[in-house]
Amino acid sequence: VQLQASGGGLVQAGGSLRLSCTLSGRTFATYAIGWFRQAPGTERTIVATINWDGTQATYVDSVKGRFTISRDNAKNTAHLQMNSLKPEDTAVYFCAAGFLYGSAWYNTEYWGQGTQVTVSS
């Protein structure tokens with residue numbers, strides 16, 4: 001089983017990046033997908049979640065209106081489109097496959113490796 005995250009990089013403030021997360025070895029539609037981030041010296045925190053069929057998405061307040069989470073179960077892939085990036089968005093971003101309880105992230109079954117996002121001012 002492998003959860004692969006990609007798409008990070010260096011971008012100027014106001015720019016955009018699109019992160020991707022692909023699951024192999026398991027049925028992708030079984031799982032909700034979450035994107036988390038961790039800046040140096042801080043805890044890993046949730047950024048966005050999407051339920052198994054893509055009908056329900058949630059976002060942390062700091063990214064609402066700028067980030068969009070989506071998924072394509074036919075391609076076993078989820079995306080995090082990040083627009084209007086700010087220096088405070090700089091972090092290592094992780095995708096996770098797991099389960100929601102209502103709209104809250106409940107349990108992580110698999111973690112992807114992190115992908116670095118750096119936003120310069």
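**Salt bridges in the predicted model**

Author: Asp89 is buried, and Arg37 is buried too. This is a predicted model, so the side-chain atom pairs discussed here count only at pLDDT 80 or more. The structure holds 3 salt bridges.

Start with Asp89 and Arg37. Their side chains meet in a salt bridge, at 3.0 Å from N to O. The pair links distant parts of the chain. Asp89 lies in the loop between strand 8 (77-82) and strand 9 (91-101). Arg37 belongs to strand 4, residues 32-38. The partners are 52 residues apart.

Asp89 also pairs with Arg66. Here the closest N and O atoms are 2.7 Å apart. Arg66 is buried, as is Asp89. Shared partners then join Arg37, Arg66 and Asp89 into one network of salt bridges.

Now turn to Asp61 and Lys64. Their side chains form a salt bridge as well, with N to O at 3.0 Å. Is Asp61 buried or exposed? Asp61 counts as exposed because its relative accessibility is 61%, and exposed means over 50%. Asp89, in contrast, is buried.

One general point covers these pairs. Side chains of opposite charge can pair when their charged atoms come close.

How values were computed. Residues numbered from 1 in each chain as written. Predicted model: local features only at pLDDT ≥ 70, side-chain atom pairs only at ≥ 80, totals over all residues. Heavy atoms only, no water. Salt bridge = Lys/Arg side-chain N within 4 Å of Asp/Glu carboxyl O. Helix = DSSP H or I, 4+ residues; strand = E, 2+ residues; numbered from the N terminus. Buried < 20%, exposed > 50% of the residue type's maximum accessible area, 1.4 Å probe, protein only.
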